[in-house]
Amino acid sequence: MSYLRVALARLAGLFAGPAADDDLRAELESHVEMETAENVRRGMPPGEARRQAMLVSGGLTQAADAVRDQRGLPWIESLGADIRYAARALHQSPGFTAVVVITLALGIGANTAIFSVVRGVLLKPLPHRDGEHLIYLRQSMGGPGGANISFSVPEIRDFREGVPSLGSIAEFSPWNLTLQGDEGVSRLNVGLVTGNYFEVLGLSAVRGRLTNSSDDGPGVAPVMVLTHEYWMKHFGGDPSIVGKPLKLDGTSVTVIGVVQAAPFFPGQVDALLNMVVSEHHLSAQMVEGRTHRMTEILARVAPGATVQQTRAEVAAVYARMQSADPASYDPGSHYGVAVLPYKEVLGERARLTLWLLMGAAAFVMIISAANVTNLTLMRGVHREHELVLRAALGAGVIRLRRLLLVENLLLTLLGATLGVLLAIGGVKLLTTLAERYSPRANEIRLDAVVLGFTVALAVTLALFLAFLASLPKEGTFATWISAGTRRISGGLRRQRLQRGLVVVQIAVSVMLLAGAGLLTRTMIQLSNVSTGLRTEQVLAMDVPLMTPSQMQAGADGDAKERYERMRREVGALPGVIEVGVGSNMPLQSSQVVLELKAEGKALAVGEAVPRAEYRTAGPDYFGAAGIPLLQGRPFSTTDRDGSGRVVIINQVLADRFFHGEDPIGKRIAWTGDVLRFTPFTGDWRTVVGVVGNTRDGGLDAEPLPVVFHPFAQELAFSGSLVIRADSNVAGLATGVTRVVRSIAPAALIENVLTVAQIKDQSVAPRRLNAALVSSFGILALIIAAVGIAGVLAFSVSARTTEIGIRMSLGADPGRVQRMILKEGGTLLATGLVLGVGGSVFAAKAIQGLLFGVAPHDPVTLMVVAMMMAAIGIGACWIPAARAARIDPAITTRAA
Amino acid sequence: MAHKLDVKQGTLALMILRTIEVLGPLHGYGIARRIEETSQNRLTLNYGTLYPALLKLEQEGFVKAEWRQSENNRRAKFYSLTAAGRKQLAREAREWHRTADLIAVFLAPKKEAP
């Protein structure tokens with residue numbers, strides 16, 4: 001009611017302008033005139049009458065002020081004055097302002113950028129309806145390649161029946177298809193899903209409809225739902241695509257809708273289709289085979305149930321499954337099921353890296369805040385006198401505190417603004433980093449929450465800085481003023497604070513540098529890992545020729561013939577030395593991992609069933625890829641269909657099976673129940689050669705056991721070319737692609753990469769980590785060096801008189817210099833000790849990101865400590881030298 | 001000399017409203033005079049109290065102000081009561097009476113216990 005009215009009137013009063021003041025003056029003047037006239041009427045002489053009238057008014061200026069206060073909002077009006085004053089003060093010390101703003105911008109920018117990534121990838125609620133109830137089940141086993149072996153349909157059936165706390169379970173089977181579009185073929189990564197998939201995940205359609213239970217089972221029409229990302233990228237968000245058929249591996253599949261943007265797991269997909277698209281997914285093999293594991297489980301916790309409850313129930317059901325069918329879960333392989341919240345599992349690969357970067361950024365923030373605090377303290381000492389005078393002249397302590405707050409807010413918000421600009425660039429870079437680790441990378445935004453975080457950071461810092469300066473209590477101005485400008489050293493408490501801050505800066509810098517050093521060494525160690533093959537001048541590409549139906553029929557004659565033509569014709573290109581064909585590219589896994597046995601070798605009780613990767617290779621594959629033959633012979637052209645089945649194994653497998661024996665001539669065979677579901681046979685095969693290990697799972701992963709089969713003797717389920725050239729192999733790519741295209745016009749040609757590039761894919765993320773933390777470390781080092789030099793210089797200028805007296809009493813310049821160096825050295829040494837201690841502790845937390853270097857690596861710590869010491873001493877030298885040049889005659893006189 | 005009373009903001013507003021109600025549109029000087037007279041000079045109003053109070057009443061919409069010629073041909077700003085001001089005055093006066101009665105009961109001379 002009237003409060004609102006008054007508030008509005010006062011708000012309007014803010015902009016009343018000079019007219020309102022004129023009006024007020026006239027009104028007061030008329031009052032005085034009437035009073036004067038009255039006094040004259042009572043018999044006073046006119047001069048006296050007016051004087052008396054003025055006297056009772058209580059002062060016109062004061063009255064006008066009182067009215068003005070009622071008219072507008074005095075708080076805001078004086079705030080405007082404070083801002084103007086603060087801006088002027090900052091403008092007068094441009095050096096201070098620039099250093100503070102830049103220091104803060106770096107600290108705030110780094111934090112804002114990284115926090116926006118942490119929030120987007122780890123913290124933000126999922127876009128799924130009730131996303132916190134979503135869970136992901138993961139079956140794993142011990143040994144290589146066992147981290148995620150997914151589930152079979154019978155296993156899922158058991159969970160569906162035995163775990164009441166799982167309200168609903170959706171199936172998702174990763175699959176890929178070839179899309180025949182107008183402009184050639186392309187690969188489509190899809191998920192084959194049960195009709196309830198979208199319902200379980202809590203996703204809605206942005207166009208058309210999603211699948212439901214009517215899309216399950218055999219005999220229904222194949223349908224697909226596009227993901228938002230794929231729809232935007234490939235159809236430009238064209239709504240008319242809904243209802244149209246797409247040609248996938250020769251089958252026509254209707255697009256029924258587009259699902260909202262959301263992260264998919266275990267991998268990003270282009271579309272989701274019903275199971276009927278793959279004949280295999282509805283076959284008895286798939287539906288009844290307990291070991292035929294190719295389906296992921298996504299589920300929703302029933303209302304009222306908890307994840308802990310689900311965990312307990314899943315564990316119980318799983319234990320029953322294992323005891324009911326021990327053959328499918330050999331005890332030596334340590335089968336297990338984990339129940340993981342969906343949000344957690346989406347961030348699992350990014351978590352450690354992101355918290356590392358967030359920690360590093362926080363450290364930079366600590367250092368820059370410490371530096372700004374020190375600068376403010378030093379500046380405050382020089383301004384103290386001015387502030388005390390202003391307080392004594394009527395500004396009042398509260399008003400002064402507010403002035404300081406406004407000034408610091410101006411500084412920190414300026415820093416924050418510049419920081420956000422830096423962050424905008426940083427977020428782009430970090431998003432490319434995050435894409436490697438998380439399907440949520442496209443959710444990274446500099447949104448209101450992130451900006452709120454930035455502003456909160458700036459305001460907190462400003463509050464801290466504003467209350468740092470000591471102001472006199474009301475009524476004690478005189479003592480402060482009489483103390484005068486001598487109080488420049490600013491008291492013991494403040495000096496302690498300054499020194500403490502310098503120690504913190506040095507310690508934190510050491511920790512950051514240690515982290516940077518460890519990550520850099522990790523990267524170097526990683527790039528020095530031998531891949532086991534030639535990385536220079538080798539080009540590779542995937543050219544899958546077989547369609548699923550051809551695969552089913554085992555009809556690979558045509559494909560093999562074309563691979564052979566590619567090999568010959570590419571080999572005839574100028575510059576090409578050797579061309580090999582194999583199931584997959586060097587340094588990349590075939591993903592086909594099966595159980596294996598060796599003739600005459602029984603498994604010990606409780607021993608894990610050996611598993612190895614299945615690959616094929618032509619006679620020239622090893623030569624072209626530069627994989628060394630350690631024993632026996634390479635494949636020859638006589639190892640073909642119909643001839644004796646032979647294999648070449650790698651060193652890891654030879655050691656596993658035939659340790660201390662000659663593996664050549666021994667026989668091995670694929671085994672296990674799962675073989676029924678593959679196109680591969682369990683025939684005995686004779687080992688004819690042993691080749692070196694290659695790092696196919698990434699440079700930081702131990703090599704897997706591998707069995708190579710002659711390309712000509714086995715099904716050509718996939719095919720890759722490996723091309724060795726004499727020079728400029730990257731330049732060959734176009735020529736080779738043209739030849740391959742002419743032989744297989746409708747085929748996919750994927751991953752055209754040199755082996756050096758494939759190797760680099762494993763190193764690149766580590767390089768980015770190392771580069772980011774290193775740049776933070778160098779930044780910290782510079783800020784800390786400036787910090788220690790600044791504090792010492794300040795200390796020297798505060799002690800000028802003291803030093804002058806010492807020198808006139810006989811101290812030589814060398815001694816003075818040593819005194820100052822010692823002062824700095826103490827700070828430096830304390831910081832170094834704390835920093836090295838902290839590093840050992842902090843490095844444990846990032847152990848998972850290190851490779852080939854211990855978290856307490858003494859070499860790294862020593863180098864870092866020496867580097868910090870050298871730079872620190874350098875920084876101390878400048879003020880120390882200045883102290884030594886002090887002229888006692890001048891300083892003692894000035895005092 | 002009698003002790004002079006300070007005027008409280010709320011009371012002053014009531015006095016101003018009542019003064020204008022009784023005398024009709026009036027300038028600040030007139031209001032001050034009238035209040036001082038009515039209080040038999042127990043109250044003095046300086047400008048720094050009176051004018052902010054008038055402005056506040058204006059902001060609240062209880063009075064409105066306009067420049068006019070005064071009785072002796074001087075230009076002065078005259079304040080007059082608005083309808084809302086009239087209502088507010090009635091309400092305030094009622095409240096005030098009620099409070100005064102209440103306080104009077106509390107402060108009445110103690111009766112001896114029977």
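Some conventions come first. Residues are numbered from 1 along each chain as its sequence is written, and chains are lettered from A and ligands numbered from 1 in the order in which they are written. As this is a predicted model, local features need pLDDT of at least 70 and side-chain atom pairs count only at pLDDT 80 or more, while totals for chains, interfaces and linings use all residues.

I begin with chain A. Its secondary structure amounts to 27 helices and 21 strands; these are DSSP runs numbered from the N terminus, with helices being H or I of at least four residues and strands being E of at least two. The C-alpha trace spans about 135 × 80 × 60 Å along its principal axes. The radius of gyration of chain A is 38 Å, whereas a compact globule of 895 residues would have one near 29 Å. That radius is taken over C-alpha atoms, and the globule rule is 2.2 Å times the number of residues to the power 0.38.

Of the 895 residues in chain A, 42% are buried. A residue is buried if 20 or more other C-beta atoms, placed from the backbone, lie within 10 Å of its own. Contacts require C-beta atoms, placed from the backbone, within 7 Å. Among contacts in chain A between residues at least 6 apart in sequence, 83% join residues at least 24 apart.

Next, the nonpolar cores, meaning sets of buried Ala, Val, Leu, Ile, Met, Phe, Trp, Tyr and Cys residues joined through C-beta atoms within 7 Å. Which residues have the most contacts inside the largest core? They are I506(A), A780(A) and I788(A), in a core of 108 residues. Helix 17 of chain A, residues 491–528, gives this core its largest share, 17 residues. A second, separate core has 63 residues, including V543(A) and L653(A). Beyond four places in sequence, the residues that I788(A) touches include V502(A), I506(A), L828(A) and C876(A).

V420(A) is found in helix 14 of chain A, residues 397–437, and counts as buried because it has 23 C-beta neighbours inside 10 Å. Leaving aside neighbours within four places in sequence, V420(A) is in contact with T112(A) and T454(A). A725(A) is in strand 20 of chain A, residues 720–725, and it is buried because 23 C-beta neighbours lie inside 10 Å. A725(A) and P574(A) are 151 residues apart in sequence, yet 8.7 Å apart in space, C-alpha to C-alpha.

Helix 24 of chain A, residues 800–808, has I803(A), G804(A) and M807(A) as its buried residues. Seen down the axis, these fall within an arc of 105 degrees, so they line one face of the helix; the arc is that of the directions from the helix axis to the C-beta atoms. Just after this helix, G810(A) takes a positive phi of about 120 degrees.

Finally, chain B. Three of its strands form an open antiparallel sheet in the order 1-3-2, where pairing requires at least two DSSP bridges between strands. Strand 1 (26–27) and strand 2 (63–69) stand at the edges with a single partner strand each, so one side of each is left without a neighbour in the sheet. H27(B) has F78(B), in strand 3 of chain B, as its bridge partner. Between the chains, 22 residues of chain A are in contact with 16 residues of chain B.

Key: A residue is buried if 20 or more other C-beta atoms lie within 10 Å of its own, exposed if 12 or fewer, and partly exposed in between; C-beta atoms are placed from the backbone. Two residues are in contact if their C-beta atoms, placed from the backbone, lie within 7 Å.
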